[in-house]
Amino acid sequence: MSGRMVNELFNTRLSEPGGKEKLAQFGGSYIRDRLREVSFVRKILPPEQVTRTDCQRSTKHDTLVKIVDVEPKSRAMAMTFRGQPTARFIRGPRAEVAFFTISSEVFQKTEQELLAYEMPITKIIEENSVKDIQEIEDREFVFHVEAAVQALQAEANSVAAAPILNWTTLDGATPPVEFSVRKGELARAAGADDAVVRPLQRKDIVEGFKLLDGNRLRCERWLITEVDFDDQLSWTVEDQGDKIQSETTVDGYKYNTLLGRPYIRSVKTDILRPGNLYFFTSPEFFGKFYVLNQTKFYIDKVANMITFQAWEDIAMSMINIAAARKIELYSADATENDDDTLRDNFIPVAEEALGAVNNRVDKGLKFPQIVNN
Amino acid sequence: MAIEIENFRPVTELLPVVRRDVGLEDKTLADPSNALTLVDGEWMAVNENNRAERAVDIASAGNEPVALNTFTKLLYPLWAETGRFDVQANYEKKTPLIYLGGYEFETLIFDPTVTIGGAGGAAISSIHQPVKVASIDIGGKKLSGLVGGSASATGTVVGFVTRLHTDNGGWLRFRGGFGW
């Protein structure tokens, strides 16, 4: 079916009795399938479907949370035949996971202008809406994880906010404790504080694992940008051994694990910025991702104006902040101190800057230049 | 006057009004345990970083918006009760502002005894009177709320009184937004 036919059908359906429902159903089912495939947060914190009955409300406003129990403390002790154990009055911490909405833009087009498109523009926008929603999921996740690792770093250094972490402080007399955030091997030897992302070293990954493995937790998956992972293709036979080296040279790296742990790669370098590697435990030690309402698709036509929108209601929380760690492959400071005024290079871009187009067609930049007359 | 759970409620339909979520410049204001936390019906400005901040300095009562920054020519009422979970859940603490379009709301976040704008201003006392924004004191808490003003005096007029609080159970009804 051609794109133009899809557009015409879209338009016709909207004018039929029950057409809106059919189209919304069609859009809705398609959207749900795509979301599961592409969001990296969903691979780290698999979403759980919840219903209203699983949630708690507030006496102060009309929004919802789900309260999650956290494992209580307990221990054992060696003792004599006559002694008795110390008591523990049981108390388990609880955390509230709050729901919010992620929505696409409200798309509008007149039915007449829709006819000017050969491509199935409505279909494309449906697909893009899914990607847009998933990008915001990932963006929120990265910010929350970043806040978690920095909070833990601050605690380890006995200060209120994470201390400056750059080449200068690491090279100084009293370097900060790198408890949950650590500079990469080449960044440590940079000789300056800059935003240059150094190539990934095998030791960077090992140090990332050790940040978690040394605290009665275990790294079970790690997150890296595609561009940083590409550095691994330059590793030598000393890093990989001749079998992997020869395989990689021909086919690239084909395994789902590297150094024994599954990795998740992302091309969304405007959200997960190059130079940032995050390491996670398995979800049961880490946090929760709840879906209250799967992606809904609204579509309407008033006179000749077609309007459509997609949204979902979710909640995500890094409940155990000790379950995430970070390696930075650049030498500049990425904490909120922003000591080198380069932090914008290391955190997700603004929402409104997401999805910037690569092509310059609207600027007339295409080659060869063809001019209508 | 006292701050209640709901302090700002619509009288007109909401669909024609554009509600825009804007992240907070100071994210701690979304925390209901913060003494400075935001209250629904407070008036906000959007700064050059596209972040929402209180339209006035609430260090003391009677401050005008112009004292805060240069982004206060357009002021927006906050429509989110204190401590809403959906505001706290998102990283930027996005909070809904009544952004665009004509509307009529009722508010408890006002001080009928205060006036700003110099000569020509008057405390809130009559229907159709223009209202402006200043820092006010309600039960010891400083807020960015509505006060009396006049069209001729300085300061941005953000609405006009449509029903006086003395005749409306303590709620001040006003119409605002663009296009009045």
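This is a predicted model: local features need pLDDT of at least 70, side-chain atom pairs count only at pLDDT 80 or more; totals for chains, interfaces and linings use all residues.
Walk along from the N terminus and you pass β-β-β-β-β-α-β-β-β-β-β-β-β. Of the chain's 180 residues, 47% are buried. As for the contacts in chain B with a separation of 6 or more, 70% of them link residues 24 or more positions apart.

Three of its strands make an open, antiparallel sheet, ordered S4-S3-S5. Strand S4 (52-54) and strand S5 (76-77) are the edges, each pairing on one side only. S3(B), residues 43-46, meets S4(B) through three antiparallel bridges, and in S4(B) it's B:Ala52 that sits opposite B:Val46.

Over in chain A, take a look at strand S10, residues 276-280. Five of its five residues are buried, so the strand is largely enclosed by the rest of the structure. In a regular strand, side chains alternate between the two faces of the sheet. In S10(A), A:Asn276, A:Tyr278 and A:Phe280 point one way while A:Leu277 and A:Phe279 point the other, and all are buried.

What does S10(A) pair with? Strand S7 of chain A (residues 221-225) runs antiparallel to S10(A) and is joined to it by three bridges. Strand S13 of chain A (residues 324-328) is antiparallel to S10(A) as well, this time with five bridges. A:Phe280 is a handy landmark: it stands opposite A:Arg221 and also opposite A:Ala324 in S13(A).

Definitions and conventions. Residues are numbered from 1 along each chain as its sequence is written. Chains are lettered from A and ligands numbered from 1 in the order in which they are written. Helices (H or I, at least four residues) and strands (E, at least two) are DSSP runs, numbered from the N terminus. A residue is buried if 20 or more other C-beta atoms lie within 10 Å of its own, exposed if 12 or fewer, and partly exposed in between; C-beta atoms are placed from the backbone. Two residues are in contact if their C-beta atoms, placed from the backbone, lie within 7 Å. Two strands pair if DSSP finds at least two bridges between them.
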